[in-house]
Amino acid sequence: MKPVRSGGCGAAGAHLHGMQGARGSNPLTSTRKTEACPFGQAFSFSLYNPTGGVIRMRFALDLDFEEWRTLCREEWGEAPFRADQICGWIYARRVFAFEGMTNLSLDLRRKAAETFGEIVPREVKREISRKDGTEKSLWSLHDGQSVESVLLLQDGRRTACISTQVGCPLGCTFCATGQSGFVRNLSCGEIVGQFLAMEKQQETSIDNLVFMGMGEPFLNMGAFLKAVENLKHPKMRNLGARRMTVSTAGIVPGILALAEANPGIRLAVSIHAAEDELRDRLMPVNRRYPLSELFAAIRTYQEKTGDRVSIEYMLMEGVNDSRSQAMILADRLKGLKSYVNLISWNATCDSFRKPSRERVEQFRQVLVSRGIEAEVRRERGEDIAAACGQLRKREGRI
Ligand code: SF4
C-alpha cells in the first residue's frame, strides 16, 4: 500500500486524527534551546545574537494562572491581581501585544514585553473553501516550524481543529502528516495559540474545539492537558470542557491517563479498521496497541468517566468498507456507549478511493441494525484538501 496524500485532522478526513527573532521582525539569528524554566512546564528559549549576547525569551501562553500570579508577585513585584488583568486581555479580549493593555502601568507593559516573545503564532497562509466556508490556516512557530489548523462552519457553529505536534510519529499510511515524519511536540502555548489566533482571525469566539489536527495528543500529554486546563480556566479562556474533544489514534496509556485525569472533555478514537491485520497495515500504532487492548482501554475509560466515546471510521473503497468489517466493528462496540462517525475518504490519490454513497450507507445500516448509533459525516473543505498535513506540504514546509 503506497503512502498517500490525505489524512490528519478529523475535521475533514483521517485521524479523525515567540520568539520574534525567528519570525522575521527581529534581526537576531537564532539558535533555539529548550531550557529548564522557573515556571514548571512553561518553556523558555534563548536567542543567541551574532555578537554573542543571550536574550532569554518565554512564551505567555505557556503559563497557567497560578504561574501568572507567581510571575507578577515574585518577579515583577506587582500585585497578583495583575494576572487577572493580563489574562483578561489575552484570553477574553484577544489583545496579543502588551502595549495595548491599557489598564496596566507603562512600566509593567514594558516588563511584560521584555519577558515574552510573540503571544500567538503568525499566520502564513489561509485557504477558504468556496463550497462550505471551511478555512485552513498554516501557522509559523518561533523556530520556523509550521502547523495547520482548520475552522469548520456548520449550522451556525464554529469548530476549530488544532494540532498538538509538528508532524506525527505514528505514520498512518493514509495521512500526509504521518508520512512526513515527526519533528517535535508543541508547547502548551503553541497549542492554545492556534485557537486564540483563530478567534482573532474570525473576530469572534469559537464555540467548539477538537484536538484532531497534526500529531497525536496523547504523545504530548503534559502540554495537551495543560492547554485544556488553561482553556477551561474561568480567568483565562473559560471554554466549557464539554466543548472540547480529543482524538487519538489509539494510544492505550493515553486513554487510561485521560480517564485518570478526567478533565471532562470528550474522547474520540480513530479506528478505521475492525481487524488487527488490516489495522496493522493502515495504522502501525495497532502493532503496539492491538484492537483488543484498545477496546479494553476504551471500556475502562467509560467505566471511570461514564462518557460516551466517539468512534471515527474513515471508509476507503475495497479496503475497509465491507459488510464483514461493519459486522466485526458492531461486535466490538457491543455494550459500549459509543457513537460512530463514518467519513468517506475524500482525497485524490492512487492508493485509496472514495466509496459510493450506497456503500457508505450500507455500512451504516449494518451498524444500526446491530444497535450501534452511527452517522455519515458530511464532508467539509473538500476543495481545499482540509485534511491536515497537505497545506504544509504544498507550502514546502516539510
Ligand atoms: S499519522 Fe498521526 S496525524 Fe496522521 S492520522 Fe495517524 S495519528 Fe493522525
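**Two helix pairs in a predicted model**

Good morning. I begin with a contact: in helix α11, R323, A326, M327, L329 and A330 meet Q362, F363, V366 and L367 of helix α12. By class, seven of these residues are nonpolar, one is polar and one is charged. Please bear in mind that the model is predicted.

Two packed helices are described by the angle between their axes and the distance between the axes. Helix α11 covers residues 323-333 and helix α12 residues 357-369; they pack at an angle of about 30°, and their axes are 9 Å apart. Because angles under 35 degrees count as roughly parallel, α11 is roughly parallel to α12. The crossing of this pair is right-handed.

I turn now to the second pair. Helix α5, residues 188-202, packs against helix α6, residues 221-232, at an angle of about 45°, with 8 Å between their axes. That angle makes α5 oblique to α6. Here, too, the crossing is right-handed, as α5 passes α6.

Which residues of α5 meet α6? They are C188, I191, V192 and F195, and their partners in α6 are A223, F224, K226, A227, N230 and L231. This contact of α5 with α6 comprises eight nonpolar residues, one polar residue and one charged residue.

To summarise, α11 and α12 are roughly parallel, whereas α5 and α6 are oblique. A right-handed crossing is found for α11 and α12, and likewise for α5 and α6. Thank you for your attention.

Definitions and conventions. Residues are numbered from 1 along each chain as its sequence is written. This is a predicted model: local features need pLDDT of at least 70, side-chain atom pairs count only at pLDDT 80 or more; totals for chains, interfaces and linings use all residues. Axes are lines fitted to C-alpha atoms, for helices over the stretch in contact, and angles run from 0 to 180 degrees between N-to-C directions. Helices (H or I, at least four residues) and strands (E, at least two) are DSSP runs, numbered from the N terminus. Angles under 35 degrees count as roughly parallel, over 145 as roughly antiparallel, 65 to 115 as roughly perpendicular and the rest as oblique. A crossing is left-handed if the near helix is turned anticlockwise from the far one by less than a right angle, and right-handed if clockwise. Two residues are in contact if their C-beta atoms, placed from the backbone, lie within 7 Å. Ala, Val, Leu, Ile, Met, Phe, Trp, Tyr, Cys and Pro count as nonpolar, Asp, Glu, Lys and Arg as charged, and the others, Gly among them, as polar.
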